[in-house]
Amino acid sequence: MFSVCMRDCYDTCAIISEFKNGRLTVRGNPNHPITRGFLCPKGAMLPKWFHSKERLKSPLIRETLEDEFEEVEWEEAIKLVAEKLRETIKNHGSESVLVYNYAGDRGVVNYAFPLRLFHYLNAAMLDYGICERAGQEALKDVYGSAVGMDPEKLKSQKLIVYWGVNPFWTNLHGFMLAKKYGLEKWVVDVVRTETAKRSEKFFQIRPNTDVLFALGIAKVIVENKLYDKEFIRENVYGFEEFKEYIKKLDLDFVSKETGIEKEEIEEFAFKYSEKKGVIHIGYGFQRSLNGGEAVRAISILPALVGHKFGFIYDMKTIDKSYAEGDFLRTKPAKRIPQMKLAEYIESGEIKFLYIYNSNPFASLPNQGRLRKAIKESDVFVVTHDIFLTDTALYSHVVLPSNTFFERFDIADSYYHRYIALNEPVAKLYGKSNSEVTRMLARALGITNPYLYESDEEVIRKVLEMNGLSLDELKRKGFIKVEEGERRYETPSGKIEFYSQRAFERGLSPFPEYKPVKGKGLQLLSPTWKLTITSQYHNTYNIIDPYLYINPKDASARGIKDNDEVEVFNERGKLRTRARISEDVPEGVVVLYKAFWVKLLEWNVNFLTTDKVVEKYGNASAFHSTWVEVKRV
Ligand SMILES: Nc1nc2c(c(=O)[nH]1)N[C@H]1C(S)=C(S)[C@@H](COP(=O)(O)OP(=O)(O)OC[C@H]3O[C@@H](n4cnc5c(=O)[nH]c(N)nc54)[C@H](O)[C@@H]3O)O[C@H]1N2
Ligand SMILES: Nc1nc2c(c(=O)[nH]1)N[C@H]1C(S)=C(S)[C@@H](COP(=O)(O)OP(=O)(O)OC[C@H]3O[C@@H](n4cnc5c(=O)[nH]c(N)nc54)[C@H](O)[C@@H]3O)O[C@H]1N2
Ligand SMILES: [Mo]
């Protein structure tokens with residue numbers, strides 16, 4: 001059977017799965033040109049996740065968050081949710097209902113279908129900002145779109161720069177593709193990551209200074225006339241003004257702030273323009289107060305050297321909006337910034353929260369505030385998940401979900417241009433997001449046919465609307481969506497070095513460096529190799545809970561390797577063990593992101609900041625967090 005890994009991950013792997021004698025087995029589909037028949041360690045462990053004894057089997061309900069859960073039949077749970085929904089809308093209006101969802105499962109139907117119900121009800125919706133929003137806005141400012149290069153074109157490239165991304169852990173198939181095609185690999189990161197250790201060059205940058213590094217490189221390119229004059233004349237808006245702007249930049253200052261030697265900046269500029277490198281701009285590093293400006297600055301580099309769309313960030317191959325059905329609304333949506341969930345709960349504007357495909361009580365920052373807000377509120381919380389997550393523990397009703405091995409769906413990728421088919425291979429427990437949606441619609445007495453379309457009908461229509469055929473997909477397991485002619489969807493129709501869109505939002509038209517500094521050590525909380533945000537912690541039961549700290553910072557605090565330490569700031573504190581490591585620079589500590597609080601008693605998000613970057617779509621700024629550390 002054809003399966004596709006639905007995790008929130010670049011690769012979106014095509015899988016061949018089999019269910020025999022009650023056991024699931026998986027292997028990579030060898031025919032897929034990007035994922036090429038091998039699975040990452042997380043993918044290989046999918047059967048363990050699927051067969052996990054911890055999977056929820058029955059719906060759970062309780063009256064208050066202090067009560068014990070009671071197992072009930074589906075009908076009873078659905079009836080309760082429908083009654084509460086009706087009552088909330090009657091007493092507080094439809095906008096007091098918020099659906100909170102994210103990419104826990106990226107199936108086109110499974111991701112979007114529940115939104116149909118909430119659109120139909122005119123509920124409040126999320127304005128997503130947790131992940132890659134700042135970069136999206138930044139690339140829209142410069143290029144009109146965040147869609148970059150088709151990674152299959154790596155074949156004809158010489159150099160890839162991994163900027164603030166750790167593909168050996170987060171985009172293994174992309175990394176292996178670059179390797180297969182013999183590209184030289186460079187890394188710009190604060191931490192000497194596993195990717196950095198496997199690359200030809202590593203630029204260890206101080207956090208939050210990427211704007212300066214990129215502008216410094218641009219300055220060397222411009223002053224040494226390494227740029228592509230013709231390309232710029234035809235494609236760029238505001239080049240002369242940009243030239244003036246970077247004239248003022250002092251390379252000694254750039255070097256001092258970034259921690260990168262002047263010679264290295266020059267070497268980067270010369271070699272990068274000679275090889276016309278492609279830059280994979282990471283999602284990870286832009287989650288900071290300077291993230292949007294940094295992406296804006298970095299994205300100028302490919303255009304300077306005449307590399308059209310010479311970056312990798314996002315990919316959009318098909319329009320999936322039909323699955324979500326916002327045409328079912330009768331009034332425009334109230335959009336609640338995802339990162340301000342706690343604030344909106346505190347204000348009393350939310351009375352009913354329906355959560356699916358997400359574990360916000362592990363993944364959102366400033367958990368202390370969020371948890372206090374919900375406990376002190378009268379919000380009725382419903383969570384639909386495969387497991388009894390930290391979020392489920394803050395809910396009144398918990399509905400068991402099945403997994404993607406148990407339903408029909410398709411998935412696109414935010415990295416490559418393939419759509420893959422996912423067939424049901426087995427059935428164990430729970431109901432899919434669309435099944436639950438239909439049950440709720442029925443219980444609410446809704447008759448609108450869009451709420452009862454089958455998964456396959458939705459998929460067929462989405463594909464048809466994009467000129468693709470489900471029958472072909474069924475035969476092949478995956479199909480490539482070829483790229484059409486591309487233009488720059490900016491106000492000038494060109495790549496805007498001088499960004500009119502940014503200027504209209506009250507930003508400098510050119511990327512601007514603003515130092516962000518805090519007290520103590522800067523805490524980064526990037527991805528870990530065997531989890532996907534909070535997922536798999538409970539099923540594999542292996543995580544890395546260590547605080548990584550530079551030897552100098554450790555010795556200044558009398559901390560030795562494996563010592564128990566307290567990590568704390570104004571938002572919270574936690575206890576763990578220290579790992580002394582030269583991979584982490586002075587002034588920076590690392591704790592990997594978002595493990596299960598239920599299993600660990602803590603999670604880095606009790607410390608992370610819930611400040612948002614307003615001018616970049618209220619984007620998250622997890623990495624702009626400072627802490628102190630002491631031995632206990
Ligand atoms: N194994 C695994 N894979 C995943 C995930 C996972 O949890 N685990 N999560 C998935 C999701 S949701 C996403 S969004 C992607 C994220 O994929 P990535 O972008 O690769 O992930 P991160 O590890 O968050 O961040 C990348 C790097 O940014 C660096 N960084 C932090 N601050 C700065 C800075 O100021 N400048 C620079 N240059 N670098 C900095 C960090 O040290 C880190 O190595 O991965 C997806 N894939
Ligand atoms: N400190 C720190 N925190 C971070 C980050 C960071 O870098 N640092 N990264 C952030 C990023 S990039 C992201 S994208 C967010 C992600 O944060 P979340 O959106 O919370 O992602 P997950 O932790 O993967 O949780 C997804 C949930 O969906 C459930 N699920 C899986 N499949 C299905 C299904 O088919 N149906 C239903 N109903 N549920 C399903 C899973 O069991 C899991 O509980 O986290 C953010 N949190
Ligand atoms: Mo993400």
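I count a contact when heavy atoms lie within 4.5 Å. The model is predicted: local features need pLDDT of at least 70, side-chain atom pairs count only at pLDDT 80 or more, and totals for chains, interfaces and linings use all residues. Residues are numbered from 1 along each chain as its sequence is written, chains are lettered from A and ligands numbered from 1 in the order in which they are written, and side-chain values use heavy atoms, with hydrogens and water left out.

**Entry: V236**

I began with V236. Leaving aside neighbours within four places in sequence, V236 is in contact with F231, A303, K494, I495 and F497. I then looked up its C-alpha distance to K494. The two C-alpha atoms are separated by 5.2 Å, although V236 and K494 are 258 residues apart along the chain. V236 sits in strand β11, residues 236-237. Helices (H or I, at least four residues) and strands (E, at least two) are DSSP runs, numbered from the N terminus. Is V236 buried or exposed? V236 is buried, at a relative accessible area of 7%. Buried means under 20% relative accessible area, exposed over 50%, and partly exposed in between, with a 1.4 Å probe and protein chains only.

**Entry: ligand 1**

Next I listed the shell of ligand 1. There are 33 residues around ligand 1, and T170, D189, D210, G284 and T531 come nearest. A residue is near a molecule if one of its heavy atoms lies within 4 Å of it. By class I find 16 nonpolar, ten polar and seven charged residues. Ala, Val, Leu, Ile, Met, Phe, Trp, Tyr, Cys and Pro count as nonpolar, Asp, Glu, Lys and Arg as charged, and the others, Gly among them, as polar. α6 (167-170) and β9 (184-189) each supply at least two residues of this shell.

I checked polar contacts, meaning pairs of N or O atoms within 3.5 Å; within protein, one must be able to donate a hydrogen and the other to accept it, and residues adjacent in sequence count only if both atoms are side-chain atoms. A polar backbone atom of G164 is 3.5 Å from an oxygen atom of ligand 1. A polar backbone atom of V188 is 3.4 Å from a nitrogen atom of ligand 1. For D210, an N or O atom of the side chain is 2.8 Å from a ligand 1 nitrogen. Taken alone, ligand 1 exposes 910 Å², and the protein buries 98% of that.

**Entry: ligand 2**

I repeated the search for ligand 2. Of the 32 residues around ligand 2, N359, S363, D385, R407 and S534 come nearest. Eight are nonpolar, 17 polar and seven charged. Why does ligand 2 lie between domain 1 and domain 3? Domain 1 (2-129 + 318-480) and domain 3 (521-631) both give residues to the shell, so ligand 2 lies between them.

The side chain of N357 has an N or O atom 3.1 Å from a nitrogen of ligand 2. For N433 the corresponding distance is 3.0 Å, again to a ligand 2 nitrogen. Q535 has a polar side-chain atom 3.0 Å from an oxygen of ligand 2. The protein covers 98% of the 930 Å² of accessible area that ligand 2 has on its own.

**Entry: two loop residues**

S581 lies in the loop between β25 (572-580) and β26 (588-590). S581 is buried, with a relative accessible area of 11%. A polar atom of its side chain lies 3.0 Å from the backbone nitrogen of D583.

N448 lies in the loop between α19 (433-443) and α20 (455-465). Its side chain reaches the backbone nitrogen of Y450 at 2.9 Å. Not counting residues up to four places away in sequence, N448 touches Y120 and L328.

Methods:
Accessible areas come from the Shrake-Rupley method with a 1.4 Å probe; for residues, only the protein chains shown count as cover. Domain bounds come from an automatic or database domain assignment.
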